[in-house]
Amino acid sequence: MENSGIYTNYGPINQQFEKRLVEQMFNGVGQCVTVCNATIGLMMALKYATRHKDTRVARYVLMPSFTFAAAAHAVLWAGFMPLFCDIDPADWMASHAAENELLHEYGEQIAAIFPYATFGNATDINHYTQLEKQTGIPVVIDAAASLGAHNAQGQGFGTGSPHAIICSLHATKTMGIGEGGFIYANNPDMIEALRAMGNFGFGKIRHATMPGLNSKLPEIGALLALSGLDHLESVVEKKCRIEQMYYDLLPGFGFQRQRGARMSYQFLPVRLPPRYASHRNAILARMKEKRIGTSTYFSPHLYEQSYFVAHCKAGDLQATDALASSIVSLPLWHEMTPEMVRYVCQELLNACHATDM
């Protein structure tokens, strides 16, 4: 980098990372463009997908409320209003029945469909491809935590997708570089346009031909990402073994139904049994006393957050409310030892049982 004097603007290291990423993670199928963070990637992909929509008519983007705030912010920044649908209580992704109800109710007012591959779960891309064909409404897929996950065929999740798939390379993800991300699609025209959008809309040299912003990943970030690809498969395999330990040690707790062949969890999401859900705060406080880091992704869900209540709309969210009130995120990183996992599980059980006293 020092010798070349190139530090950004889709430089040679970035080009090398994009090429290797497609070859290693997507069987050489499709194309990708890096972004400085996945939120910017979501904004760009939504802007591109809705470029032909009349915003005076098509006001809404259909999406689940059980997701991270970045997704709803991206919709708002792209000029639309999130329309929240309920989730499937088994796989925790957008319920197709709930989507259909809102599609029927709002019709041409919906500018885009924006499913989330919850925690890296394998969204049914074929379903959304057919839905786009039937309705004419474009699809953008938020796959923030999906790098390293496999679909039901054992391929990298998203392989061959005609829709934009946005993945995060944030420090919390399985392959984190601090800040960063990429947009993948088996659609060269889309990726070429998004690359130009991310460089101030310069479709020609120093000539803006489309909406633009600065989304470019610096060369140093691409260098870190290249290094991450060297270890990604080993890291995911180790995390999968730890994931299985959690399942074995926490019978009676609720876990996400996985639709693909492999997850790439950044933490282990678990649902408290009904008898303990109302005591979640006390349980998490006890875990903190035992020096165990926990969280509650995604609780509160988006339509429980004051800003989004004021700026979004929602259908019935019964399953979302139930899951969000009982979810706990347990630590999961590839260097965890079996002893650490057993300690976390035992202390979680102890914390739950303490609420019976």
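The model is predicted: local features need pLDDT of at least 70, side-chain atom pairs count only at pLDDT 80 or more, and totals for chains, interfaces and linings use all residues. Residues are numbered from 1 along each chain as its sequence is written, and side-chain values use heavy atoms, with hydrogens and water left out. The protein chain holds twelve helices and twelve strands; helices (H or I, at least four residues) and strands (E, at least two) are DSSP runs, numbered from the N terminus.

**Overall dimensions and surface**

- The radius of gyration of the protein chain is 21 Å, which agrees with the value near 21 Å for a compact globule of 357 residues. The radius is taken over C-alpha atoms, and the globule rule is 2.2 Å times the number of residues to the power 0.38.
- Along the principal axes, the C-alpha atoms of the protein chain fill a box of roughly 70 × 55 × 35 Å.
- Of the 357 residues in the protein chain, 53% are buried. Buried means under 20% relative accessible area, exposed over 50%, and partly exposed in between (1.4 Å probe, protein chains only).
- About 15,800 Å² of the protein chain is accessible surface, and carbon and sulfur atoms account for 51% of that. Accessible areas come from the Shrake-Rupley method with a 1.4 Å probe; for residues, only the protein chains shown count as cover.
- For contacts in the protein chain between residues at least 6 apart in sequence, 71% join residues at least 24 apart. Contact means heavy atoms within 4.5 Å.
- The protein chain has 28 positive and 31 negative charges, and their mean positions are 3 Å apart. Lys and Arg count as positive and Asp and Glu as negative, while His and the chain ends are not counted. The place of a charge is NZ of Lys, CZ of Arg, CG of Asp or CD of Glu.

**Helix α4**

- In helix α4 (residues 96–106), the buried residues are Ala98, Glu99, Leu102, Leu103 and Tyr106. They lie on the same side of α4 because they cover an arc of only 135 degrees around the axis. The arc is that of the directions from the helix axis to the C-beta atoms.
- Glu101, His104 and Glu105 are exposed on the other side of α4.
- The cover over the buried residues of α4 includes strands β2 (60–64), β3 (81–85), β4 (110–113) and β11 (313–314), together with helix α5 (125–135).
- Gly107 follows α4 and has a positive phi, near 50 degrees.

**Backbone geometry in loops**

- The loop between α9 (280–289) and α10 (306–311) contains Phe298, and the peptide bond from Tyr297 to Phe298 is cis, with omega near 0 degrees.
- Pro300 also lies in the loop between α9 and α10. The peptide bond from Ser299 to Pro300 is cis, with omega near 5 degrees.
- Trp92 is not a glycine, yet its phi is positive, about 70 degrees. Trp92 sits in the loop between β3 and α4 and is buried at 1% relative accessibility.
- Phe119, likewise a residue other than glycine, has a positive phi near 60 degrees. Phe119 belongs to the loop between β4 and α5, and with a relative accessible area of 3% Phe119 is buried.

**Buried and exposed positions**

- Ser215 occupies the loop between β9 (207–208) and α7 (219–249). The relative accessible area of Ser215 is 0%, so Ser215 is buried.
- Apart from neighbours within four places in sequence, Ser215 contacts Tyr10, Thr34, Val35, Cys36, Ile40, Met44 and Gly198.
- Trp77 is part of helix α3 (residues 69–77). The relative accessible area of Trp77 is 67%, so Trp77 is exposed.
- From C-alpha to C-alpha, Trp77 and Ile13 are 30 Å apart in space, and 64 residues separate them in sequence.
- Gly28 is in the loop between α1 (12–25) and β1 (31–35). Gly28 counts as partly exposed because its relative accessibility is 45%.
- Not counting residues up to four places away in sequence, Gly28 touches Val22 and Glu23. Gly28 and Leu226 are 198 residues apart in sequence and 16 Å apart in space, C-alpha to C-alpha.
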